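These are my notebook entries on one protein chain.

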Amino acid sequence: MNKVMYLILHCAATPEGKSFTAKDIDKMHKQRGFKKIGYHYVIDLDGTIEKGRAENEIGAHCIGYNSKSIGICYIGGVAKDGKTPKDTRTKEQKQSMYELVDKLMKKYNLTLKQVHGHYEFANKACPSFKIEKFRQEFNEWKAKQNSKTILLTNEKKNGILPKIFNFLFDILKSYFKK
Ligand SMILES: [Zn+2]
């Protein structure tokens, strides 16, 4: 693996609500001639993050970008008809996706601009949501995490500082409501 430059988001293209695991994808990818599952991480319907390939191992998930990216795949991505692209991520899957992306961005010193959807590199619908939407969701999630930290800090302090924090926090909150 070269230097990790991108995180690439995928869907498994399995029907909405249908349970599927990294093991199932592993089987599918082997049938397609891969030596094993092509993704580095799989996010199950209940939000469980499963490991596929090791991070330092070159994946098989995005032609032309495998040697410099980590592939993250959520279970789902098409409607119940099994073909219409649909953002089927559960609340738990979204939460796990933000946490995993956050962790990997820190680890590899990446910005949100280096997080991509598969469709940006291939003529596909994968992962069935626009990357701009993901980035916005991620920022909102991150702001919430930060505000939780501020509130915790507040509880320990008295006097003028909490007032300043609350004031700033309110500005922040109103900003993200827009
Ligand atoms: Zn994909």
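I began with strand S3 (residues 41-43) and found that three bridges join S3 to S5, the two running parallel. Strands here are DSSP runs of E with at least two residues, helices are runs of H or I with at least four, and both are numbered from the N terminus. I noted that two strands pair if DSSP finds at least two bridges between them. In S5, tyrosine 74 is the bridge partner of isoleucine 43.

The model is a predicted one, where local features need pLDDT of at least 70 and side-chain atom pairs count only at pLDDT 80 or more, while totals for chains, interfaces and linings use all residues. Residues are numbered from 1 along each chain as its sequence is written.

Next I checked the other partner of S5. Six bridges join S5 to strand S1 (residues 6-11), and these two run parallel. Tyrosine 6 stands opposite serine 69 of S5. S1 also pairs with S7 in the parallel sense, over three bridges. There I found leucine 7 opposite valine 115 of S7.

Five of them form an open sheet, S4-S3-S5-S1-S7, with mixed pairing. S4 and strand S7 (115-117) are the edge strands, each pairing on one side only. Neighbouring strands of this sheet are turned by 25° against each other on average, direction ignored; the axes are lines fitted to C-alpha atoms, for helices over the stretch in contact, and angles run from 0 to 180 degrees between N-to-C directions.

How many residues of S5 are buried? I counted six of the six in this strand, residues 69-74. Buried means that 20 or more other C-beta atoms lie within 10 Å of a residue's own, exposed means 12 or fewer, and partly exposed is in between, with C-beta atoms placed from the backbone. Ser69, Gly71 and Cys73 point one way from S5, and Ile70, Ile72 and Tyr74 point the other way. In a regular strand the side chains alternate between the two faces of the sheet.

I looked up cysteine 73 in more detail. Leaving out residues up to four places away in sequence, cysteine 73 touches His10, Cys11, Ala12, Tyr39 and Val42; contact means C-beta atoms, placed from the backbone, within 7 Å. Tyrosine 65 is in the loop between strand S4 (49-51) and S5.

Helix H2 (residues 91-107) came last. At 1.5 Å a residue, its 17 residues should span 24 Å, and its end C-alpha atoms are 24 Å apart, which agrees. The expected span is 1.5 Å times one less than the number of residues. Gln93, Ser96, Met97 and Val101 of H2 are buried. Seen down the axis of H2, the buried residues fall within an arc of 130°, so they line one face of the helix. That arc is taken from the directions from the helix axis to the C-beta atoms. The face of H2 turned away from the buried side carries the exposed residues Lys91, Lys103 and Lys106. Just after H2, asparagine 109 takes a positive phi of about 55°.

Note on methods. Contact = placed C-beta atoms within 7 Å.
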